Amino acid sequence: MKADAVRGHLDGLLLAVLESGPLHGYAIIAAVQDRSGGVLELRTGTIYPALNRLERIGLLSSSWQSAGERRRRCYELTAAGRHTLAGERTAWNEFTTAIGSVLNPATPPGLAT
């Protein structure tokens, strides 16, 4: 899927995969790819600036965690992030309903009586 298709929805995707608990960057990428059935492939150059921005505006918090000899930055939702995710879901449902109504009308044009 083209990167343009994700634009505008990246924040919602990141918040959604972090809803179940803290994850590090590569685990976030894997979760998005897994949940999308492999259709969405995010790049590190895309998600890390977004994660930093979401943290800066208070929707995420982060901490360093050790995994063996390695240290990884893990991100998790804040209360504001959970609230924003709820709004993203509402907006997404409204958007997909409106687009679906145009692309797949209940009564095809010209058949209405």
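Reader: What share of the 113 residues in the protein chain is buried?
Author: Keep in mind that this is a predicted model. A residue counts as buried when its relative accessible area is under 20%. Among the 113 residues of the protein chain, the buried share comes to 27%.

Reader: How many helices and strands does the protein chain have, and what pattern do they follow?
Author: Let's take the count and then the order. The protein chain has five helices and three strands. Going along the sequence, the pattern reads α-α-β-α-α-β-β-α.

Reader: Is the protein chain compact or spread out, and what is its radius of gyration?
Author: For the C-alpha trace, the spans along the principal axes are about 70 × 30 × 20 Å. The globule rule gives 13 Å for 113 residues, and the protein chain is well over that, so it is more spread out than a compact globule. Its radius of gyration is 17 Å.

Reader: At what angle do the axes of α3 and α4 cross?
Author: Helix α3 covers residues 25–35 and helix α4 covers residues 44–56. Their axes come within 10 Å of each other, and α3 passes α4 in a right-handed crossing. The crossing angle is roughly 115 degrees.
Reader: Which word describes how α3 lies relative to α4?
Author: Angles of 65 to 115 degrees share one label, and the axes here cross at roughly 115 degrees. That makes α3, relative to α4, roughly perpendicular.

Reader: Which residues of α4 meet α3?
Author: On the α3 side, the residues are Gly25, Tyr26, Ile28 and Ile29. By class, this contact has six nonpolar, two polar and no charged residues. The α4 residues are Thr44, Ile47, Tyr48 and Leu51.

Reader: What covers the buried residues of α3?
Author: Start with who is buried: in α3, these are Gly25, Ala27, Ile28, Ile29, Ala31 and Val32. Gly25, Ile28 and Ile29 also turn up among the residues that meet α4. The cover includes α2 (10–18), β1 (23–24), α4 and β3 (70–77).

Reader: Is Ala98 buried or partly exposed?
Author: Ala98 lies in helix α5, residues 79–103. Buried would need under 20% and exposed over 50%. Ala98 has 43% relative accessibility, so it counts as partly exposed.

Reader: How far apart in space are Ala98 and Leu40?
Author: In sequence, Ala98 and Leu40 are 58 residues apart. In space, going C-alpha to C-alpha, the distance is 23 Å.

Terms used
Residues are numbered from 1 along each chain as its sequence is written. This is a predicted model: local features need pLDDT of at least 70, side-chain atom pairs count only at pLDDT 80 or more; totals for chains, interfaces and linings use all residues. Side-chain values use heavy atoms; hydrogens and water are left out. Axes are lines fitted to C-alpha atoms, for helices over the stretch in contact, and angles run from 0 to 180 degrees between N-to-C directions. Helices (H or I, at least four residues) and strands (E, at least two) are DSSP runs, numbered from the N terminus. Angles under 35 degrees count as roughly parallel, over 145 as roughly antiparallel, 65 to 115 as roughly perpendicular and the rest as oblique. A crossing is left-handed if the near helix is turned anticlockwise from the far one by less than a right angle, and right-handed if clockwise. Contact means heavy atoms within 4.5 Å. Ala, Val, Leu, Ile, Met, Phe, Trp, Tyr, Cys and Pro count as nonpolar, Asp, Glu, Lys and Arg as charged, and the others, Gly among them, as polar. Buried means under 20% relative accessible area, exposed over 50%, partly exposed in between (1.4 Å probe, protein chains only). The radius of gyration is taken over C-alpha atoms; the globule rule is 2.2 Å times the number of residues to the power 0.38.
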